Amino acid sequence: MLEINQLHKSYAIGDSSLHVLKGIDLSVEKGEMVAIMGSSGSGKSTLLNIIGMLDEADSGDYILDNVPIKNLTEKKAAIYRNKFLGFIFQSFNLINYKNALENVALPLYYQGLKRKERQEKARFHLQKVGLLDWQTHLPSELSGGQKQRVAIARALASNPKLLLADEPTGALDTTTSGEIMAFLQQLNDEGKTILIVTHEEDIAAMCKRVVRLRDGVIMEDKKVTQVRAESHV
Amino acid sequence: MFDIDLWREIFQSINKNRTRSLLSGFTVTFAILLFTILFGLANGLNNSFAEAFVDDAANSVFIRSGATTKAYKGMQAGRRIQFRNEDYKYIKKDFDDNVEFITSRIYKNVAASFRNEKNNYSLRAVHPDHQYLEKTKVYQGRYINQRDMDLKTKVVVIGKLVKEDLFLKVDPLGNYINLSGIPYKVVGVFADDGGDDEERLLYMPLSTAQQVYGNNDYVDQINLTYKPELDFNQAIDFGLDLEKKLKERFLVAPNDQRAVRVFNMAMQNKNITQMTSVLGILILIIGMGTLIAGIVGISNIMIFIVKERTKEIGIRKALGASPKSIVAIILIESIFITTIAGYFGLLLGVGILEWVGPSLKTYFITNPSVSTTLVVSATLTLIGAGTLAGYLPAKKASKIKPIVALRDD
């Protein structure tokens with residue numbers, strides 16, 4: 001599903017450069033739920049951004065669903081992002097002047113679907129996250145947990161191969177975090193491959209595999225027994 | 001190609017971000033409004049100048065006579081100077097190099113009648129050249145010609161208002177009009193931009209009038225135009241020379257202001273032309289200034305808008321928007337707003353000019369208006385500037401890595 005070999009990335013800071021990723025090897029199978037952990041500065045977000053094609057590696061291979069991701073043009077990257085990936089952000093990143101339904105439908109617009117089809121699919125996914133009744137509400141009228149659920153629905157809308165979540169519960173309280181995680185687990189049970197970047201141990205414990213980064217290298221990569229979110233809250 | 005979804009996106013964006021849309025629209029509306037009004041007023045000033053001199057040829061010279069005020073070379077003061085046909089011939093011959101058209105004029109007041117209609121009019125007896133000097137527009141029949149002069153035919157050319165007064169619905173051509181007891185055949189009808197007074201006139205061959213009224217060769221006034229190729233200074237010199245020669249001819253003191261008077265339009269025109277060209281430069285500066293202010297305004301707003309939308313752009317890109325679609329959505333939105341706003345400003349400006357225009361007549365502003373071409377091209381310039389000002393940051397924004405755009409919060 002996802003194959004990463006000897007990935008390097010550095011950022012230029014003034015005259016010197018900061019080596020953020022120092023040769024990452026990672027392989028993720030279909031249906032896995034992986035937590036990427038590390039303290040801030042460990043390179044976990046950079047890794048996620050590269051996997052999400054939001055950023056590009058300096059060297060190394062990255063193969064997603066048998067497609068080598070390298071030297072992408074902006075246009076190609078846009079198509080791949082739309083086709084392969086669904087993003088869930090810490091700060092939700094909903095478009096504030098669009099209502100819930102329109103936000104969910106946006107990736108489908110970029111897929112070139114017809115309006116009617118877009119709305120139908122968007123409604124389906126909103127229903128899946130339990131927010132069909134809120135479809136005409138603007139993000140400002142939704143609670144944090146609801147916003148994140150809209151964001152999840154949006155990430156699911158284009159039916160991506162891989163869900164990428166960057167601190168999905170970072171801005172939420174414990175109860176809401178539990179709900180969100182329970183939902184992500186449910187999606188994983190249905191077969192979605194999910195990658196979660198987090199620095200919270202209890203969130204990581206709800207995944208099936210934990211990858212720990214420190215100073216740009218993988219320190220530990222082990223399967224864990226999944227803690228079900230329902231039992232947690 | 002028309003992409004309804006793209007337009008739906010754009011309308012939503014305009015509608016949901018009203019402050020932003022109104023702000024950029026207002027800048028353009030205001031710039032075009034100011035541009036239209038300033039240009040309109042300046043054009044109005046120009047029109048006033050043009051109108052003031054539309055009646056007569058701009059290169060006219062009028063020569064009139066009066067009584068001497070100073071004794072000179074043994075002649076007493078108070079002597080009346082009377083021009084005659086020989087003076088006309090003298091000027092025509094001696095100043096041939098500089099004279100374009102020349103005519104003598106005799107003024108008479110006549111009681112005119114046709115059938116039951118009668119009225120009093122001014123009559124001018126003239127040479128055929130008079131038509132060009134006065135810019136008389138003969139729209140029916142003909143003007144006085146050389147044959148009339150030679151044969152002293154009893155014909156008249158009547159003004160449009162004379163025709164309306166006396167002939168009512170009858171075609172005056174070929175009919176006889178009675179002037180103080182003598183019938184004259186009407187050979188032409190004319191119009192004149194100089195106004196009603198100029199159209200309530202009759203023209204008659206000079207030779208006919210001289211024979212009928214006094215049987216002499218007296219002339220009241222001589223009008224001429226100098227050759228158009230003379231520049232103002234040459235024309236002024238010509239006028240001064242003419243005045244000097246005429247004074248010598250009539251034994252008038254060189255500093256006598258009344259006996260022989262040469263009024264030269266070149267003197268006036270020189271000042272007016274200078275003033276209009278200064279005015280023209282002023283108009284240009286004002287127009288350019290307004291336009292530049294508008295361009296700067298819309299550019300600022302576009303840069304601000306793109307900055308404001310950076311995060312939205314990042315989200316859209318993360319969801320699979322191509323750079324092209326990002327640029328398109330920002331640009332089309334800005335072009336749409338500037339076009340509507342520009343058109344609105346144009347309507348508003350033209351409306352205001354129409355509304356206050358007539359009441360500005362007392363301030364020497366006539367018919368303040370702007371050509372549509374001018375305002376449309378000004379609006380297009382603003383749209384172009386807005387597009388360019390929007391394109392560069394939009395292009396830049398479309399190239400930002402989404403992660404950079406998203407981090408910005």
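**Helices, a sheet and a chain contact**

Helices here are DSSP runs of H or I with at least four residues, strands are runs of E with at least two, and both are numbered from the N terminus.

Before I go on, this is a predicted model, where local features need pLDDT of at least 70, side-chain atom pairs count only at pLDDT 80 or more, and totals for chains, interfaces and linings use all residues. Residues are numbered from 1 along each chain as its sequence is written, and chains are lettered from A and ligands numbered from 1 in the order in which they are written.

Back to our pair. Helix α3 covers residues 100-111 and helix α5 residues 144-157 of chain A; their axes come within 7 Å and cross at roughly 25 degrees. Axes are lines fitted to C-alpha atoms, for helices over the stretch in contact, with angles from 0 to 180 degrees between N-to-C directions. So α3(A) and α5(A) are roughly parallel (under 35 degrees; over 145 is roughly antiparallel, 65 to 115 roughly perpendicular, the rest oblique).

Who makes the contact? From α3(A), the residues include A:Val104 and A:Leu108, and from α5(A) they include A:Val150 and A:Arg154. Contact means C-beta atoms, placed from the backbone, within 7 Å.

Next, helix α2(A), residues 74-84. Its buried residues are A:Ala77, A:Ala78, A:Arg81, A:Asn82 and A:Phe84. Buried means 20 or more other C-beta atoms within 10 Å of the residue's own; 12 or fewer is exposed, and in between is partly exposed. They pack against β4, β6, α3 and β7 of chain A, together with α11 of chain B.

That brings in the other chain. The contact between the chains takes 18 residues from chain B and 20 from chain A. On the chain B side, α1, α11 and α14 each give two or more residues, and α11(B) has the largest share, with four.

Last, the sheet. It is open, with six strands of chain A in the order β6-β7-β8-β3-β9-β10 and mixed pairing; strands pair if DSSP finds at least two bridges between them. β6 and β10 stand at the edges with a single partner strand each, so one side of each has no neighbour in the sheet. The twist averages 15 degrees from one strand to the next. β6(A) and β7(A) run parallel, joined by four bridges, and A:Ile88 has A:Ala165 in β7(A) as its bridge partner.

Methods: Contact = placed C-beta atoms within 7 Å.
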